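Hi,

Here is the structure I promised to pass on.

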Amino acid sequence: MGILANTVSVCHFKVQGELPTQDLYTWVTKQLAANRFNPIDQGSEEMSIGWVHLDDPKASDFETPAACCREHYLMFTLRRDKRSVPSAILKAHLEKAQDEFLAENPGFTKVPKQKREDLKEAVQAMLLSQTLPTPATYDAVWDTRSGILTFTSLSPKVIELFEEQFKKTFEGLRVSAFHPYARAENVLDEGNQVLLKKANKAGGDNYLELIKENQWLGTDFMLWLMYQTMNEASEYSVNQEGILLAKEPFVAYLDDRVVLLGSGENGAQKITVAGPQDHFNEVRSALLNKKQITEATLHLETGDDHWKLTLKGELFHLASFKSPAVKLEKDSSVDEAMEREAVFFERMMLLEKGTQLFDSVFATFLQLRLGSEWAEQEKAIQKWLNVCSFCNGSLA
């Protein structure tokens with residue numbers, strides 16, 4: 001699913017580096033054109049990687065900024081076409097080629113090693129030329145005002161591929177993961193940023209260490225959200241800059257799916273609790289047994305609008321991020337290009353509203369977690385969990 005779909009999985013990056021002194025949009029267009037996608041349908045190449053238009057994966061002609069620019073947004077799609085031959089088919093054709101070689105060369109009892117390699121290379125090339133490449137596309141939208149880039153894949157391999165292609169394309173720039181600690185810095189004011197640094201358990205600025213040593217940001221956040229949900233404290237107000245007005249009320253709560261992880265006698269144990277929950281009995285029991293929440297489905301509501309996402313706590317990836325449907329009035333006088341542009345802006349507005357609500361809940365948690373009142377909150381959460389031991393196996 002691309003970024004224009006109502007449901008999409010996204011991760012966020014921060015664009016790092018010195019921007020060019022020349023016009024940014026012209027420079028970006030030039031760099032995308034130099035690293036555009038080249039089709040391999042008519043050849044036998046195994047793979048092709050490059051940039052295409054976000055709203056048309058068949059178009060890769062970045063001749064003008066209009067191909068990738070929408071006001072303060074830069075938008076482009078990474079396309080990867082790949083051919084692959086099933087190993088069983090390759091083996092069968094290679095055996096046939098080897099048998100033919102031995103029949104034509106009776107002096108050999110077996111195919112020499114170098115000849116086997118040559119035959120394998122020739123057979124694979126022949127089979128690849130007869131195989132259509134399978135396309136895959138991944139959208140990227142770069143907000144030049146905030147420096148945040150939204151990418152539509154959570155696959156570690158695809159993310160690594162995107163990071164490499166971005167760095168190769170935009171010399172002097174790179175993208176860095178917008179992990180929980182980086183996001184925490186971004187949503188807090190200066191005073192709370194000082195408290196966050198004191199709570200930082202990493203010994204340096206290495207992003208892998210910041211992620212590994214500060215997993216409490218995700219686990220404590222989701223535990224607190226569950227406590228809030230079960231104690232009917234699901235009302236919040238917007239505290240982050242964005243489309244929605246400051247102090248605008250909204251609702252946030254957990255439901256549908258929770259994943260917990262912990263250690264057991266046979267190693268790591270993963271528990272998934274799915275379906276609408278009344279009391280989260282299984283979850284609370286697992287928490288008492290030293291499990292920690294690593295994923296949870298979060299609902300965000302304001303007015304008649306409803307967002308739903310699965311938060312992956314380790315990296316703060318937003319999986320299955322479902323926004324309100326894009327609603328545009330059909331106008332026969334509007335051409336297709338203008339309609340596509342209207343869909344893009346409406347979609348980005350909805351995604352940014354949902355992200356603004358998420359960041360507002362996260363900031364609310366952090367202000368409590370880093371403050372002096374957290375000790376009392378922890379006691380209240382533990383007391384709520386301990387109800388389990390007095391319910392004779394039922395958490396009523």
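First, a term: buried means under 20% relative accessible area, exposed means over 50%, and partly exposed is in between, with a 1.4 Å probe and protein chains only. By that cut-off W374 is buried, at a relative accessible area of 8%.

Some housekeeping before the rest. This is a predicted model, where local features need pLDDT of at least 70 and side-chain atom pairs count only at pLDDT 80 or more, while totals for chains, interfaces and linings use all residues. Numbering starts from 1 along each chain as its sequence is written, and side-chain values use heavy atoms, with hydrogens and water left out.

On to the aromatics. Rings of Phe, Tyr and Trp (its six-membered ring) pair if their centres lie within 6.5 Å; planes under 30 degrees apart are stacked, over 60 edge-to-face, and the rest tilted. Searching the whole structure turns up 30 aromatic pairs. One of them is stacked: F221 and W224, with ring centres 6.4 Å apart and planes at 20°. Both sit in helix 8 (residues 216-230), three residues apart, or about one turn of the helix. (Helices are DSSP runs of H or I, at least four residues, and strands are runs of E, at least two, numbered from the N terminus.) F221 is buried at 0% relative accessible area, and W224 is buried too, at 2%.

W374 pairs with F365 in an edge-to-face arrangement, 6.0 Å centre to centre and 90° between the planes. F365 is buried, with 0% relative accessibility. There is also a cluster linked by ring pairs, with F13, W27, W51 and Y138 among its members.

Now the helix packing. Helix 9 (residues 281-288) packs against helix 11 (residues 374-386) at about 115°, with the axes 9 Å apart. Axes are lines fitted to C-alpha atoms, for helices over the stretch in contact, and angles run from 0 to 180 degrees between N-to-C directions. That makes the two helices roughly perpendicular (65 to 115 degrees; under 35 is roughly parallel, over 145 roughly antiparallel, the rest oblique). In this contact (heavy atoms within 4.5 Å), R284, L287 and L288 of helix 9 meet Q382, W384, L385 and N386 of helix 11.

Lastly, N192 is in helix 6 (residues 190-199). N192 is buried at 12% relative accessibility, and leaving out residues up to four places away in sequence, N192 touches Q367 and L370.

Cheers
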